[in-house]
Amino acid sequence: MQLQQLHYFVTVAETRHFTRAAELAHVAQPSLSQQIRALERELGADLFQRARGNITLTDAGEALLPLARRILADADTARQEVQELAQLRRGRVRLGATPSLCTGLLPDVLRAFHDHYPGIRLHIEESGSHDLVRELARGALDLALVVLPLPSPSPALTTVEVLREDLVVVSSPDGPAPGRGGTVSVAELAGEPLVMFRHGYDLRELTVAACRAEGFEPDFAVEGGELDAVLGFVRAGLGIAVVPRMVATRAGLGLRVTPLARPGLHRVIALAHRSDVAPPRAARELQRMLLGRV
């Protein structure tokens, strides 16, 4: 079994078209088909069901696809690690983070990292914790900043707590302040129009769970937005939102920030990586900087 064969297999599986896959792989279509056949002979099973205009994976192909992607990702990581020059003058880091962390925590850390190691390429994947855990597991990321607890048990990942961050309520300064005495309790959010994130945001699940624990369903004035959209809707006076303190601080003018009354709400941020593969050297250095700056 050769890495090139696995690359061809994954490309065909993703395009469901041999000619298009050959174009993407920069190889003649007969050569690609020949390599796929050789892989099938070695494995002793057909990987594709071939019909005119309809290429589908067999059960064997479905089983091989996630393994092949992981093998190729690990091989790429190994290649990057070996090719790094001394003093981290060259390399790559693939970092995943939730949208709020991309806004709040990462800009300053990534600027400092880039200043120290300008030759290191940074690839940032912005998504929810559930998607980031999946990308880590299949080898598409070196590190990911995720919200604990993880959406599902994942013994294949190692996590290190980075910080515990308070959540606050943001509102338009043109409207009445939520709560009383400079703070607002979760119970006082009952009946307040909330601007709510789309499904998949950890903040959405955390806020909704806190409201239900107080015995009420939150009232959504607007829902389905990304982070910047949510902050914009709040500035426009459409409702209030529960966001991390770092995000509220970075958002700047146009928002009133009200702390949540004790015990309040907070989230735990952790840095995660695969347990079975050590992160590349450049990723380990970024990890060191992240842990040292919070």
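## The largest pocket

On a 1 Å grid over the protein atoms alone, a pocket is an open set of points with protein on both sides within 12 Å along at least five of seven lines. Keep in mind that this is a predicted model. Its largest pocket holds about 270 Å³ of space.

What lines the largest pocket? There are 14 lining residues, and V10, R69, L72, A73 and R138 lie nearest the centre. Helices α1 (3-15) and α4 (59-83) and strand β3 (91-97) are the elements that give two or more residues to this lining. Sorted by class, the lining has five nonpolar, three polar and six charged residues.

## Two cavities

Searching the whole structure turns up two cavities of 30 Å³ or more. The largest cavity has a volume of about 120 Å³. Of its 13 lining residues, R94, L141, D142, R274 and V277 lie nearest the centre. Helix α4 gives the most to this lining, with three residues.

The second largest cavity has about 70 Å³ of space. Its lining includes T98, P99, S127, Y201 and R267, and α5 (99-104) and α8 (202-213) each supply at least two residues. By class, that makes four nonpolar, five polar and three charged.

Now for the helix pair: the axes of α2 (residues 18-25) and α3 (residues 29-43) come within 9 Å and cross at roughly 105°. The two helices are therefore roughly perpendicular to each other. On the α2 side, F18, T19, A21, A22 and A25 make the contact, while α3 brings Q29, L32, S33 and I36. These contact residues divide into six nonpolar, three polar and no charged.

Technical notes
Residues numbered from 1 in each chain as written. Predicted model: local features only at pLDDT ≥ 70, side-chain atom pairs only at ≥ 80, totals over all residues. Heavy atoms only, no water. Axes fitted to C-alpha atoms, helices over the stretch in contact; angles between N-to-C directions. Helix = DSSP H or I, 4+ residues; strand = E, 2+ residues; numbered from the N terminus. Parallel < 35°, antiparallel > 145°, perpendicular 65-115°, else oblique. Contact = heavy atoms within 4.5 Å. Nonpolar A, V, L, I, M, F, W, Y, C, P; charged D, E, K, R; others polar. 1 Å grid on protein atoms, 1.4 Å probe; cavity = no way out; pocket = protein on both sides within 12 Å on 5 of 7 lines; lining within 4 Å. Points joined across faces, edges and corners; volume = space filled by probe spheres on them.
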